[in-house]
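Hi everyone, thanks for coming. I have one chain to show you today, so let me put it on the screen.

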Amino acid sequence: MNTVPTKAPAPTRDVDVRGFVYALEPVRQRQQWRMDKLMASLARAQQALAETEARMAEVQAMHDEQASKAGQALVQRMDPGAHRAALGFLTHLRDQWRELDAKRKEQLAERDRLRKECMALQLRLDGMTQHKEDALTQYADEVRQRNSNEQDRDWLARSAAARGRNLEPSQ
């Protein structure tokens, strides 16, 4: 799970935000889990693509080596049966390479699809993160306003009490 603790934005540092509850947190969490699954799928697709490309390079190297040997063998000894077998093997290697190339193209398409999905989901997650930060800032503003109103009421009560004490002895 990819949970990165976010620092409270500067506008909320002076406020106790322990009472803040983000209503969309379950949705954000599900999106994050989905993102984690997509990233794992993308990693597997990348690994499969790398393995296919490595196998293609092996087949190509084997093909080049066998083509060179077949060419040299034809010049050195004129054995049509061995040459036909070598050409058959080269054809087999070319067919195998074409199959791997088709598989690689499918894997590239799958990888690109997963990348696009990851980018789209990351944009949604970024939007939700921004929304959460905005909601937290709004909550902090409301708490500040409540605290300010409470301090005003407290000050008014204390000043009224002080005025009342100052007026009582003179009467």
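Predicted model: local features only at pLDDT ≥ 70, side-chain atom pairs only at ≥ 80, totals over all residues.

The chain has two helices and zero strands. Its radius of gyration is 36 Å, well over the 16 Å that the globule rule gives for 171 residues, so the chain is more spread out than a compact globule. Along the principal axes, the C-alpha atoms fill a box of roughly 135 × 25 × 20 Å.

How much of the chain counts as buried? That would be 20% of the 171 residues. As for contacts with a separation of 6 or more, 93% of them are between residues 24 or more positions apart.

Now, the charges. There are 29 positive and 26 negative ones, and their mean positions lie 1 Å apart. The whole structure has 14 salt bridges, and I picked out a few.

Let's begin in helix 1, residues 25-76, where Arg55 and Glu58 sit three residues apart, about one helical turn. They form a salt bridge, with the closest N and O atoms 3.2 Å apart. Arg55 is partly exposed at 29% relative accessible area, and Glu58 is partly exposed at 46%.

Over in helix 2, residues 80-167, Arg113 and Glu117 are four residues apart, again about one turn. Their salt bridge has an N to O distance of 2.2 Å. This pair belongs to a network of salt bridges that links Arg34, Glu110, Arg113 and Glu117.

How values were computed
Residues numbered from 1 in each chain as written. Heavy atoms only, no water. Rg over C-alpha atoms; globule rule 2.2 N^0.38 Å. Buried < 20%, exposed > 50% of the residue type's maximum accessible area, 1.4 Å probe, protein only. Contact = heavy atoms within 4.5 Å. Lys, Arg positive; Asp, Glu negative; His and termini not counted. Charge placed at Lys NZ, Arg CZ, Asp CG, Glu CD. Salt bridge = Lys/Arg side-chain N within 4 Å of Asp/Glu carboxyl O.
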